[in-house]
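The points are grouped by topic.

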Amino acid sequence: MEFKGEDGMNSEQPLPSGEPGQAEQPHGQKQRERLQYAKFRKVIAIIMAALIPGMGHLFLGLFIRGLTFIVLLLLDIFAMLYVSSDGLRINIPLLILLGLFIPVLYFYNVYDVLQSADYMVRYRRKPDRYARMDARGQQSSPFYAWERGFAFAVLLVAGGGLMILFRMKPRWLSIFFEDYGFLTLAIILMIIGLFLFLREAFLSFKRKKLKERG
């Protein structure tokens, strides 16, 4: 069983090229109107993402992705306010790293909206179908796997807990940020980078094996 797009096409097949000489289908005009509307939504989503991180995803119907960007941005702002608050010895390197995270998150948010909108235009896929499974029980669209699972719930719980701690300002947290905040953030960044490297190496190895099998 193959997953079908909203027009009945296979989910892995792109839009027809529309070259002249091809037989015009009865619903061809309707398809063109849908395509134009999808491209219009793409433009609006990019503008919204450029104004407020996460809003472009919400406009496209990718609610989990959009809320993730919003939560990460709020956490970073809360952390910056906490690190620079009165009564706490300011950790300049940590404050710089937290400040650099905002433009990184902002530009990745715009890039991700562009990629998501392109995928939706090309394959005519709707957000409510991203979480569906194929006959093998796998994600029909791995590109949107974040829309399904427990990762966002864990992020909300952890983010809410951190916001409460930033508001309460316990003494042990102040000591931790003053003495180990920069080191901890550096280790977290290294772990994320190592994870992404190993993931890409695994995917490259997997693609190579599939290519060898023909």
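Arginine 65 has a relative accessible area of 12% and is therefore buried, as this value is under 20%. The model is predicted, and it holds 3 salt bridges.

- The side chain of arginine 65 forms a salt bridge with that of aspartate 112, at 2.6 Å from N to O.
- This pair links distant parts of the chain, with arginine 65 in helix α3 (residues 63-83) and aspartate 112 in helix α4, 47 residues apart.
- Aspartate 112 is buried, at 3% relative accessibility.

- Lysine 42 and aspartate 118 meet through their side chains in a salt bridge of 2.3 Å, N to O.
- The two residues are 76 residues apart and link distant parts of the chain: lysine 42 lies in helix α1 (residues 28-51) and aspartate 118 in helix α4 (residues 92-123).
- Lysine 42 is partly exposed, at 21% relative accessible area, and aspartate 118 is likewise partly exposed, at 30%.

**Salt bridge of glutamate 200**
- Glutamate 200 pairs with arginine 207 in a salt bridge of 3.2 Å, N to O.
- Glutamate 200 counts as partly exposed at 41% relative accessibility, as does arginine 207 at 46%.

- Phe176, Tyr180, Leu183, Ile187 and Ile191 make a nonpolar surface patch of about 490 Å².
- Phenylalanine 176 belongs to helix α6 (residues 171-213) and is partly exposed, with a relative accessible area of 33%.
- Leucine 156, in helix α5 (residues 151-168), is partly exposed at 42% relative accessible area.
- The C-alpha atoms of leucine 156 and leucine 72 are separated by 9.6 Å, although the residues are 84 apart along the chain.

Methods
Residues are numbered from 1 along each chain as its sequence is written. This is a predicted model: local features need pLDDT of at least 70, side-chain atom pairs count only at pLDDT 80 or more; totals for chains, interfaces and linings use all residues. Side-chain values use heavy atoms; hydrogens and water are left out. Patches are made of residues with over 30% relative accessible area and no salt bridge: like charges are joined within 9 Å, nonpolar side chains (Val, Leu, Ile, Met, Phe, Trp, Tyr) within 5 Å. Accessible areas come from the Shrake-Rupley method with a 1.4 Å probe; for residues, only the protein chains shown count as cover. A salt bridge is a side-chain nitrogen of Lys or Arg within 4 Å of a carboxyl oxygen of Asp or Glu. Helices (H or I, at least four residues) and strands (E, at least two) are DSSP runs, numbered from the N terminus. Buried means under 20% relative accessible area, exposed over 50%, partly exposed in between (1.4 Å probe, protein chains only).
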